Each structure stands twice: as C-alpha cells, then as structure tokens.
Amino acid sequence: MPIVLIVSPADDDDLIRRADLRDLVGIAQLQAMLGRVRGEPVSRTRAQVIAGMKGFPDPLISHPSAEDPQMRLWLRADVEGWLDTNRPGWRRDVP
C-alpha cells in the first residue's frame, strides 16, 4: 500500500518532495546496511535499537500503522552519513 501524505499550504516547512520519497530507508534497509559492517545479518530488533539511539538521524516520516506500529522512514543520505561516522567500513561491499 503506498504512503500518501497530505500537506496543507501552512505546513510548507514539512513539504516532502517526490524525489525524497524515492530515497527513503525503512527498517529492513537499515538492517541490510548495518549488516555490511561485519558481513552478518542484523536483527530487526537490533536495527530498531540503533535507530532509537541518541544521535541517529530523526526519521523523515514516522507513522504507526496496524501492520507496523513503529513505521519510520529516514532519508538515505542521513543514514549513510551516520553510518560513515559511526560504522566505518560499512561501504566496502557497496558498488
């Protein structure tokens, strides 16, 4: 099911552009990115703990739903920047 965001004109600062939506990272993608550090899978629980740590980027979208009560989506560039600083070497397998 696609995510639909309705932003009123008064909320210009919160406007999310279509290009931003194409480059979002969910918890499953975060798991994969974190798994590159040691070459081992990272559990969903561990990824959620890391995402909740002080200093981890704030999610661009945070919306609880029945399917995923903790649905959060981050900008890929923000997550990659955090990983560069806090998990050196995570990019070694990235083409």
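Which residues in H4 are buried? The points below start there.

1. This is a predicted model, in which local features need pLDDT of at least 70, side-chain atom pairs count only at pLDDT 80 or more, and totals for chains, interfaces and linings use all residues. Residues are numbered from 1 along each chain as its sequence is written, and side-chain values use heavy atoms, with hydrogens and water left out.

2. Val79, Glu80, Trp82 and Leu83 are the buried residues of H4 (buried is under 20% relative accessible area and exposed over 50%, with partly exposed in between, for a 1.4 Å probe and protein chains only). Seen down the helix axis, these buried residues fall within an arc of 160°, so they line one face of H4; the arc is that of the directions from the axis to the C-beta atoms. Ala77 and Thr85 are exposed on the other side of H4.

3. The buried residues of H4 pack against strand E1 (24–25), H2, H3 and strand E3 (72–75). Helices (H or I, at least four residues) and strands (E, at least two) are DSSP runs, numbered from the N terminus. Leaving aside neighbours within four places in sequence, Val79 is in contact with Val25, Leu30, Met33, Phe56, Pro57 and Trp74 (contact is heavy atoms within 4.5 Å).

4. Now for the core. The largest nonpolar core has 16 residues, of which Leu30, Leu34, Phe56, Val79 and Leu83 touch the most other members. H2, H3 and helix H4 (76–86) each give two or more residues to this core, and H2 gives the most, with five. A nonpolar core is a set of buried Ala, Val, Leu, Ile, Met, Phe, Trp, Tyr and Cys residues joined through side-chain atoms within 4.5 Å.
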